[in-house]
Amino acid sequence: MDIAFLLDRYFKGAANPSIDVFDAQTLNTVYKNVVNAMTSHFEIEVSVLQALSYCLYEIMDNVHIHSGKPLGTAITCYDREESTLRILIADDGKGIRKSLSENVQYRDITEADALRLCLQDAITDGKGMGFGLYTTARLVNDIGKRFILHSGSHKLIIKDGKTDVWENGFWQGTLIYMEISTGKEIDANQVVDHRTDAVCEYNETFVETEELESLW
């Protein structure tokens, strides 16, 4: 994977972005390290971290479940001046259209339609629940500044409440990039459609017991 290209395209001018490569064995460790690094920035609203941590794990786990390749790359950076988290998760696997087409229901789907469809609820190749990108799209609708989903020769962009898909270069596999505003308090459990308790999951994993007690 061309890390230099990703840094130049998505993190140009960013100060010290964090770069992590993960596989099925290291996914949990890398995920926790990434979220802990975000948690260290006290300016970021806790509710943002609670929702984002759930979505981030789901996206990273998608690499292991759907890409057909062992490795994924995570690049993250926090811009304090802009109050923005910049996050990229990428793999060089089979891509979204080919993955979805393994489900007979989507066998003849076009690449552009596959990008649109995978952000909806319960859209899956049969190996997962189709919930990760759906919740991520809900988070982006709440506090996203920009969201890019690039797979094959098509790119989906959400910006200013508008979603567009067009042919734009080629990415072998799936690339997800998002810019998340960190200063607004949100309802993390609403982001996950109240189907799990993202608040408790985050608190139990990333908040020290003494700190958690002080919140009440």
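**Strands, core and a helix pair**

Student: Hi! Which residue of S2 does Phe 22 stand opposite?

Tutor: Phe 22 stands opposite Gly 72 in S2. Keep in mind that this is a predicted model.

Student: Okay, and how many bridges join S1 to S2?

Tutor: Strand S1 (residues 18-22) is joined to S2 by 5 bridges, and the two run antiparallel. S2 also has 7 bridges to strand S3 (residues 84-91), again antiparallel. Here Cys 77 stands opposite Arg 86 in S3.

Student: What do S2 and S3 form, and what sits in the turn?

Tutor: They form a hairpin with 4 residues between them. Ser 83, in the turn, has a positive phi of about 50 degrees.

Student: Why is S2 called largely enclosed?

Tutor: Because 7 of the 8 residues of S2 (residues 72-79) are buried, the strand is largely enclosed by the rest of the structure.

Student: New topic! How many residues are in the largest nonpolar core?

Tutor: There are 57, and Leu 119 and Phe 147 are among those with the most contacts inside it. Helix H3 gives the largest share, 10 residues. A second, separate core has 12 residues, including Ile 75 and Trp 171.

Student: What does Leu 119 touch?

Tutor: Leaving out residues up to four places away in sequence, its contacts include Leu 133, Phe 147 and Ile 158.

Student: Back to H3: at what angle do the axes of H3 and H6 cross?

Tutor: The axes of H3 (residues 46-66) and H6 (residues 132-143) cross at roughly 145 degrees and come within 9 Å. The crossing is left-handed. Among the residues making the contact are Leu 52 of H3 and Leu 139 of H6.

Student: Which classes are those contact residues?

Tutor: The contact has 9 nonpolar, 4 polar and 1 charged residues.

Key: Residues are numbered from 1 along each chain as its sequence is written. This is a predicted model: local features need pLDDT of at least 70, side-chain atom pairs count only at pLDDT 80 or more; totals for chains, interfaces and linings use all residues. Side-chain values use heavy atoms; hydrogens and water are left out. Axes are lines fitted to C-alpha atoms, for helices over the stretch in contact, and angles run from 0 to 180 degrees between N-to-C directions. A crossing is left-handed if the near helix is turned anticlockwise from the far one by less than a right angle, and right-handed if clockwise. Contact means heavy atoms within 4.5 Å. Ala, Val, Leu, Ile, Met, Phe, Trp, Tyr, Cys and Pro count as nonpolar, Asp, Glu, Lys and Arg as charged, and the others, Gly among them, as polar. A nonpolar core is a set of buried Ala, Val, Leu, Ile, Met, Phe, Trp, Tyr and Cys residues joined through side-chain atoms within 4.5 Å. Buried means under 20% relative accessible area, exposed over 50%, partly exposed in between (1.4 Å probe, protein chains only). Two strands pair if DSSP finds at least two bridges between them.
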